Amino acid sequence: MHSSNRPKHVRGDGRLAELDLLRFIAALAVVAFHYLVAYASVWGDRPAELFPALAPVAGLGILGVELFFIISGFVILMTVWGRGLGGFARSRFVRLYPAYWLSLGAVAALYAITGAKALNPKLSPGEYLVNATMLQRLFKVTDASGVYWSLWAELRFYLLMAILVIIGVTYRRVLVFAGVWLLAALGAELLGNDLLDEIVMPRYAPYFVAGMSLYLIHKHGSAWLPWLYVAGGYGLSINAALGRVHSRVEAAGFKNMPVTDVSVIITITLIFAVMALVALGLLRLRASRTLTALGGVTYPLYLFHGVVAVALIPVLVEDLPPWAVAVTATLVAILLSYLVHAFAERPIQRLLKPRKAPQTTSAPAVQVEKASVP
């Protein structure tokens, strides 16, 4: 069992160093997809025509979000184990909202001050306020930024996990929960009911369930049922990924989104294979400040790279070749994300986190909490 002796690649907070790197790679993949394939209005031209050699690979960056979802399933289950509902809710709020609010303010300021038109959501002040709740899709309000769609999926995942936390997180209960969710996702995909889709998330559930199952394997060792869930999640994920890429190809045309079915299948297979290696402890990286920084930069990079693109690319594109513009924008986005993380997100998170009680009084509380989870 991995839980008894923490390996050297695990930080003191239980965070796996290799997952920091994988999350950063996932964020870079999304940046590559947007900068080199998707952001036509930003470039004033079709990016795939500007980067014909890179576009078939960069287009696969759309699946970086799928890697995020598997990592989220893994990490969130690790987070809730032995934790009460209040602690889980606080940790997720502190993790998601500070950087999100900063990015929302940056988006609003960008369009209010500069008059930029590319990717403009054209929202009223009231609609920006609705976006501040992160529940805008529930109220049929447009996302202020295109990347916010995935946060709605994450929030619904957290809500489902909250139910599990209330019931009590144990190995067997996680197996039941994951199995029921996977079957419900399959049923929802076949039925095509809109309300059921919103709750069960048939296109994203396979990734979350696979991540949770891989964490069970990481924590408790290999067993046939978690691996069965991983295999089932893999099969459903292939279908979901192909569907998402197909819709993009149909909207933009294959010339502008030159991604083949074979490359999608290979990418999803690699994502599952790498995460399986992490679960088995075969892909280990020693914790370092660099990896921790990359992990910290990931979320701001995901949120802010669109703002950087709109503000910077149209200014640079007249004086620099496309490759130099893309590299400059990417480096600026990474630098800005680090500054946001280090000087805004982390200080805000420290303010929002409850202060730890002295060691002499905290131990009984921990014991009570753990005892309440059978």
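Helices here are DSSP runs of H or I with at least four residues, strands are E runs of at least two, and both are numbered from the N terminus. The model is predicted: local features need pLDDT of at least 70, side-chain atom pairs count only at pLDDT 80 or more, and totals for chains, interfaces and linings use all residues. Residues are numbered from 1 along each chain as its sequence is written, and side-chain values use heavy atoms, with hydrogens and water left out.

Start in the loop between α7 and α8, where K140 lies. K140 has a positive phi of about 60°, although it is not a glycine. Its side of the solvent question is clear: K140 is exposed, with a relative accessible area of 76%. Exposed means over 50% relative accessible area, buried under 20%, and partly exposed in between (1.4 Å probe, protein chains only).

M134 is also placed in the loop between α7 (125-132) and α8 (149-167). Its phi is positive too, near 70°, and M134 is not a glycine either. Is M134 buried or exposed? M134 counts as buried, because its relative accessibility is 3%.

Now turn to charge pairs. Side chains of opposite charge can pair when their charged atoms come close. A salt bridge is counted when a side-chain nitrogen of Lys or Arg is within 4 Å of a carboxyl oxygen of Asp or Glu. By this rule there are six salt bridges.

One of them joins D143 and R137, with the closest N and O atoms 2.8 Å apart. D143 is buried, at a relative accessible area of 11%. R137 is partly exposed, at 40% relative accessibility.

Another joins E49 and K255, and here the closest N and O atoms are 3.7 Å apart. Which parts of the chain does this pair tie together? E49 lies in helix α3 (residues 47-50) and K255 in the loop between α12 and α13 (261-279), so the pair ties together parts that are 206 residues apart in sequence. E49 counts as partly exposed, at 41% relative accessibility. K255 is exposed, with a relative accessible area of 61%.

A further salt bridge brings together the side chains of E345 and R95, at 3.3 Å from N to O. This pair also links distant parts of the chain: E345 sits in helix α15 (residues 322-352) and R95 in helix α6 (residues 85-113), 250 residues apart. E345 counts as buried, at 1% relative accessibility. R95 counts as partly exposed, at 22%.

Last, look inside. A cavity is a set of points, on a 1 Å grid over the protein atoms alone, where a 1.4 Å probe fits but cannot get out. Grid points are joined across faces, edges and corners, and a volume is the space filled by probe spheres set on the points. How many cavities of 30 Å³ or more does a search of the whole structure find? The search finds one. The largest cavity has a volume of about 40 Å³.

Its lining residues, those with an atom within 4 Å of a point, are A185, E189, P202, P206, L236, N239 and A240. The elements that give two or more residues to this lining are α9 (171-191) and α12 (224-252). α12 gives the most, with three residues. By class, the lining has five nonpolar, one polar and one charged residues. In this scheme Ala, Val, Leu, Ile, Met, Phe, Trp, Tyr, Cys and Pro count as nonpolar, Asp, Glu, Lys and Arg as charged, and the others, Gly among them, as polar.

Technical notes. 1 Å grid on protein atoms, 1.4 Å probe; cavity = no way out; pocket = protein on both sides within 12 Å on 5 of 7 lines; lining within 4 Å.
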